Amino acid sequence: MKSCHKELWFEIPARRGFVNITPEVERCLAESGIQEGLCLVNAMHITASVFINDDEAGLHHDYEVWLERLAPHAPTSQYRHNGYEDNADAHLKRQVMGREVVVAVTAGKLHFGPWEQIFYGEFDGRRKKRVLVKIIGE
């Protein structure tokens, strides 16, 4: 069995944002040469997420609204975590959206269902953060 890992870096200029990272993950897979296996894509920061869903602007807006209702940013004083930081809501949003995804690799391609794409979700942006791509297989 072979394995390969790459790191992707993102710096979202706003506090929150969603980025379709499917093309970057596909490039990592192509470079690995792995034809059959698994691909793990993992947010390496506690206030960021990796998830799979549809690449549709209305859905992304709905996520923004829903997440803000679940864990509003303000007032920051509502969170015990916020002492030196103001990002408690980002930790909660990450917990809801998830840390990582695993996608099957078949015939050298990510084996998705209809409309599925991989996204990086940022909940406390304005600084560089990384995503790990780990591919194992033959």
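## Secondary structure

Three helices and eight strands make up the secondary structure of the chain, where helices (H or I, at least four residues) and strands (E, at least two) are DSSP runs numbered from the N terminus. Read along the sequence, they follow the pattern β-β-α-β-β-α-α-β-β-β-β.

This is a predicted model, in which local features need pLDDT of at least 70 and side-chain atom pairs count only at pLDDT 80 or more, while totals for chains, interfaces and linings use all residues. Residues are numbered from 1 along each chain as its sequence is written, and side-chain values use heavy atoms, with hydrogens and water left out.

## Nonpolar cores

A nonpolar core is a set of buried Ala, Val, Leu, Ile, Met, Phe, Trp, Tyr and Cys residues joined through side-chain atoms within 4.5 Å, buried meaning under 20% relative accessible area with a 1.4 Å probe, protein chains only. The largest such core has 22 residues, and those with the most contacts inside it include Ile21, Val25, Cys39 and Val133. Among the elements that each supply at least two residues of this core are strand E1 (2–10), helix H1 (22–32) and strand E8 (129–137).

A second, separate core of eight residues includes Phe51, Leu67, Ala90 and Phe119.

## Contacts and burial

Leaving aside residues up to four places away in sequence, Val25 touches Leu8, Cys39, Val41, Leu110, Ile118 and Val133, a contact being heavy atoms within 4.5 Å. Of the contacts in the chain with a separation of 6 or more, 82% are between residues 24 or more positions apart. Of the 138 residues of the chain, 41% count as buried.

Notes
Buried means under 20% relative accessible area, exposed over 50%, partly exposed in between (1.4 Å probe, protein chains only).
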